[in-house]
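The report is meant to be read alongside the sequence and the coordinates.

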Amino acid sequence: MPHVSAVLRFVLISSGFIRKALSISWECLVLSLRNALPENTVTSGMHACLQLLLVLCCVLSANSAGMRTAYNSVYEDIASGLEWMQELRNELHKIPEVKYTETKTSSFLRQQLEALQIPYQHPYAKHGIVATLGTGKAPCIALRTDMDALPILEELDVPYKSLHPGFMHACGHDAHMSMLLGAARYLKAHEADLTGTVKLLFQPAEEGGAGAKLMVDEGALDGVSAVFGLHVWPTAPSGHIQTRVGTLMAGTDKFYIRVNGVGGHGGTPHLVKDTVLAASAVVMNLQPLISRETDPTEGGIIGVTLINSGPGSPNVHAEYVELQGTVNSFTTSGLNHLKSRIVQVAQATTAMYGCSSVITWNPIAYIPVVNQAGMVARLQEVGRQLGAVKHTELLDRPTFVAEDVAFLNDAVQGVFVFLGIGNTTLHTTEKLHTPLFKMDDSMMPVGAALHASMALQYTAGHPTVGAAPKGLDIAPRDEL
């Protein structure tokens, strides 16, 4: 089998030259292979193979250049509307609304969709919107943005400062919405180029309200076979995007522990059941659940972030103490295990001090965000071809931050990506969920181009294009 072995080696070695085909001639390729292969193995038949390989390289490189030109054209078209996108973000930034109260935000978004003549359905999850573009046939990809703000008092001194005191878009959702509208305007103008369907998901209540799950439960993903979403990321340099195959973000839940005891005078501690002492012991006893019970390679977080004993006096023992915090894990099974152990530890510890405890949880726990390998590969391809993306990084480990986009990725194949906005000159490196968080507006066309390019690439490259699957209906429900 010497000839078969030589041919296999030829294929393996020559494949490494494909990416270099643009910069070397056929003669150089032959010479390189002559040096790499054993003597007398480069036969006339292999010369023919090399000629075929060179033709293939030319075709592939021409196609790659065409894709690069196409995606850059998408970016350039969208970037020409940066001022419009900034106006959108400024208006949205002025009217921050927390989970399930996004009435003004939803109204503003619907006005923009109507101006773009894009049909939509409303409401989903109380204030959510699903707009539709394309043929109404498969394949169908959903592009998602969140809508809600946070109960944070803004400290930025900007012309578009929040008009709702105590509330702020401190997580970039105003930029997310503006980017999706930027992509929507481009896709509407080039709707004839779509060979499938694109759904635009404007989702409320990401910040603890699990709005994505409610939208899934109400049918927002009917007929959808893939989903794409992004989040601005101030710890990544502007123009960089970050993601990974598999688990990208942790699952999480919030716990509320009320420790009940017997209050009394500070001078008679033997007559009270000390809730502060019991609650303090609970805080300490929860820590070994991570340091001694959780596999270090899997990781986990239990953080008690708030302690409150209510109104009182320095010489009065409180009748109750409230503890609040979060638990995070990279697996649903790990999250469930930690939750069960929190209950056991809290109850046993408070009982030891003659107190009792009541533990409650958020109505819906967030599952981990898991990216599908094929969708990550699509994103990588778009990132390579889109010149405005400076670097596409595959992270070596997930983050313990959570996101309810997990419910979308759990329902259909999806990819979620972090869009870097960190720019020290523009002071856009402040952390998310802080009163000084600031957006690098120049990155909005990049995000919008990622949305639009993923839609174009998925609908054009999907293997199944045909009749609309059951549930794919672009007719409006009760709006335009």
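## Overall make-up

This is a predicted model of a protein of 480 residues, of which 49% count as buried. The protein holds 13 helices and 16 strands, and among its contacts with a separation of 6 or more, 80% are accounted for by residues 24 or more positions apart. Its accessible surface comes to about 21500 Å², with 57% of that area belonging to carbon and sulfur atoms.

## The eight-stranded sheet

Eight strands form an open sheet with mixed pairing, in the order β1-β2-β4-β3-β5-β16-β6-β15. The edges are taken by β1 (120–124) and β15 (391–394), each of which pairs on one side only, and neighbouring strands of this sheet are turned against each other by 25° on average, direction ignored.

Within this order, β6 (residues 240–243) pairs with β16 (residues 413–422) in the antiparallel sense, over two bridges. Ile241 stands opposite Leu419, a residue of β16.

## Helices across the sheet

Helix α6 (residues 173–189) lies across β2 (128–134), β3 (140–146), β4 (197–203), β5 (226–237) and β16, and it runs at about 145° to β3. Helix α13 (residues 444–461) lies across β3, β4, β5, β6 and β16, running at about 160° to β3.

Technical notes: Residues numbered from 1 in each chain as written. Predicted model: local features only at pLDDT ≥ 70, side-chain atom pairs only at ≥ 80, totals over all residues. Heavy atoms only, no water. Helix = DSSP H or I, 4+ residues; strand = E, 2+ residues; numbered from the N terminus. Buried < 20%, exposed > 50% of the residue type's maximum accessible area, 1.4 Å probe, protein only. Contact = heavy atoms within 4.5 Å. Areas by Shrake-Rupley, 256 points an atom, 1.4 Å probe, with all protein chains shown as cover. Pairing = 2+ DSSP bridges. Axes fitted to C-alpha atoms, helices over the stretch in contact; angles between N-to-C directions.
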